[in-house]
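Me: I would like to go through some of the terms used for a structure and see what stands behind each one. Please set the values against the definitions.

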Amino acid sequence: MRKSLAIMLSTYLILTGLALEVIAAMNGPIGSLAQRGRTVYPVLACFLVLLLLALVFPALAESDYRKVLRVMLLLSALGMFLIYVFLGFMWMFAGRFAMSVLVAVFLVLYGIALVMLGVFNYFAAQGGYRPFIYSMGRELPYIYYRYRI
Amino acid sequence: MDYDVIVIGAGAGGLSAGATLASRGFSTLVVEQSGTVGGCASYFERDGFQFDVGACIVEMPEAHERFYAGLGLRREDYVTFLRNDPLYELIDMTTGERILVPSSLEETAEMIGAYSARDAASFRWFMNKYGPVLDRFADVLLTTPQGRARDMLKVFARCPGIIKSAHVWMTPYGKLLDDLFEHPVTKGMLGNYSVIGGLPPSVQVGLMMWLVYLEHRGMYYPEGGMGAIPRGMARALEDVGGELALDTPVRRVIVDRHRARGVVLADGTPVTARAVVSNANALPLYMDLVGPEHLPGAVVKGLKSYRPSPSCTVAYLGLDYQPPMRAQHIFAMASPELLDSFWFSIFENGIPIPQSVGLVTSPTFMDPSMAPPGCGSLAFMTVAPPRPAGGSWSEIKWDYLDKGIDMLDAVFMPRVKDHIVTKTIATPEDFETRLSLPWGNIYGFSMSMLSQMAFRPGNRSRCVKGLFLCGGSTHTCSVPGAVNSGVMAADLASEEIERRRAA
Ligand SMILES: Cc1cc2nc3c(=O)[nH]c(=O)nc-3n(C[C@H](O)[C@H](O)[C@H](O)COP(=O)(O)OP(=O)(O)OC[C@H]3O[C@@H](n4cnc5c(N)ncnc54)[C@H](O)[C@@H]3O)c2cc1C
């Protein structure tokens, strides 16, 4: 992937992640339909944009990064969609205050994930970093066990 | 109790631990399965020639100074180091050009300047800016016991410079070379250090530039060959009251209620001790000598997760003349991209490439007494898969050796073939069976970042009390690394023995 494209994608992911943090922070107790809309529509928009990115960007990436990028973007889009469904479902049961906490927690975590994805993409999209990152990725799941020795 | 401490293995690490403990007044027995001391840094004789089994380069001689000083002895009385000047010769595998690499950073910068003034300036800038940080880090890392998060933090606290410049060290080595240098010769020369450090340039960390710096601080060869190092250490062990038993393999570590209480030798004799120090690789130590039944599942999973560091073949040639060389070592030089592709073919696909001669070394260049009068010797290494695809090493090794010799003759040393009086080869399979090195890998375990420090087996076992580890599988390894790790394991074991004596 050209560096300018990698930067564009990463910037989008990081800004979206930060925007979710802001939405989470500004969320008061959620009651009215309008308040719900302010939270729900950005989440829905995020999902749609991520889906679009998952369709476009992998095609522009090198063969050894294409699948990784597609899976990551699709997973994050799917995650976003599940959150959307989950929150919609919970609105039927949770009270105003509980709901606002739930929404805030989800958005904060998801925002962090998107920021991390943006940073990851910035490095992984560059050929010079990719073998290094993949090799670390293969060992990462074992560090706890190694630490126990 | 038969002994205060038993040390399994007389490699550089085991001898260092054993001698340090004996010098502190603990009754110490070092048991070694083979008939010579030294492990990877050992030696053997054949037809009047003395060859180094594996290691042939000594860096950081201060590790040896420290070791002997800790025993109250003088290093000069046990081993003499001869300085390599120039460091080595490079052969450009694409053009055939031969380049001498000098032993000082400034001269090397000048040598680089002959190809690119910009590269020379970058090299000077980098070494001036980061050299002292690398120097300090190497020193701190190699003298701080490892195994816990706080040990790792201690290293960073004692060397804050390494954190401040983390962005450099975390850059992949190949990318760092691309960012800093433009000329293929500079990249080829420095690219080699990545492989020597155990990983290809695309996967290695930028931190491996420390090898460049360390080698320019001084590269040595012992008088009498590499074997002079363990022989000197074994003599020191006996001088300070320790015992050494060769040809004495250990079959089991006696573990009772999660505590090591001695060992069982291969002939079935139990030998009890207050503490056990192991120089054997952590994988066979835990899985075979201790046994998975004494280990938590997480530890077994961790042990099985390690990837090997590179393995190699070493060919040993006795010659009827001293081959014409300008330095003791000749390294093959290729672009970082080529190194990567060779690496992945060999280690991911298991393809043996006999022509991948990376290092040619002549022990008799430094010390002619290692061959009969008028003769000389050579050894050459190829990086080689632990298990070759479609066969075993015992089936292919002689053919592999002959093809390697053809390569040597064609590229490195014309007509050397006509002078061979004796030849043999050691393969990864040989290193595995003779030294109990899993996969025959040369550095104990992978040199990747997530297999280092707190993520490498600790010097103090976390699951078996009274068991201490030293050597390649516990520390970023090399001969000095093993020597240092032995001293650190001895420090930890001393505390334990004192405690148990008092109890
Ligand atoms: C081919 C090759 C080239 C190398 N080149 C260099 C170099 O140029 N410079 C450098 O600094 N480093 C080099 N290294 C690495 C360096 O040699 C090692 O890291 C270092 O010597 C390891 O020392 P160690 O103390 O870990 O033990 P080892 O050398 O692995 O020795 C362990 C000892 O324990 C013994 N042992 C194991 N199990 C048992 C048992 N059950 N009972 C009794 N004894 C047992 C083994 O026989 C062996 O003698 C090289 C290694 C190899 C293989």
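Reply: Glu62(B) and Arg217(B) form a salt bridge, and their closest N and O atoms are 2.2 Å apart. The model is predicted: local features need pLDDT of at least 70, side-chain atom pairs count only at pLDDT 80 or more, and totals for chains, interfaces and linings use all residues. Residues are numbered from 1 along each chain as its sequence is written, chains are lettered from A in the order in which they are written, and side-chain values use heavy atoms, with hydrogens and water left out.

Me: Why is the contact of Glu62(B) with Arg217(B) called a salt bridge?

Reply: A salt bridge is a side-chain nitrogen of Lys or Arg within 4 Å of a carboxyl oxygen of Asp or Glu. The N and O atoms of Arg217(B) and Glu62(B) are 2.2 Å apart, so the pair meets the rule.

Me: What does the pair of Glu62(B) and Arg217(B) tie together?

Reply: Glu62(B) lies in helix 2 (residues 62–71) of chain B and Arg217(B) in helix 10 (residues 209–217) of chain B, so parts 155 residues apart in sequence are tied together. Helices here are DSSP runs of H or I with at least four residues, numbered from the N terminus.

Me: Is Arg217(B) buried, partly exposed or exposed?

Reply: Buried means under 20% relative accessible area, exposed over 50%, and partly exposed in between (1.4 Å probe, protein chains only). Arg217(B) has 30% relative accessibility, so Arg217(B) counts as partly exposed. Glu62(B), at 25%, is also partly exposed.

Me: Why is Arg150(B) called exposed?

Reply: Its relative accessible area is 56%, and exposed means over 50%. Arg150(B) is found in helix 5 of chain B.

Me: What makes the pair of Phe123(A) and Tyr129(A) edge-to-face?

Reply: Rings of Phe, Tyr and Trp (its six-membered ring) pair if their centres lie within 6.5 Å; planes under 30 degrees apart count as stacked, over 60 as edge-to-face and the rest as tilted. By this rule there are 23 aromatic pairs over all chains. For Phe123(A) and Tyr129(A), the centres are 4.9 Å apart and the planes stand at 70 degrees, so the pair is edge-to-face. Tyr129(A) is buried, with a relative accessible area of 13%, whereas Phe123(A) is partly exposed at 30%.

Me: How do you know that Trp125(B) and Tyr130(B) are edge-to-face?

Reply: Their rings are 6.0 Å apart centre to centre, with 85 degrees between the planes.

Conventions
Helices (H or I, at least four residues) and strands (E, at least two) are DSSP runs, numbered from the N terminus.
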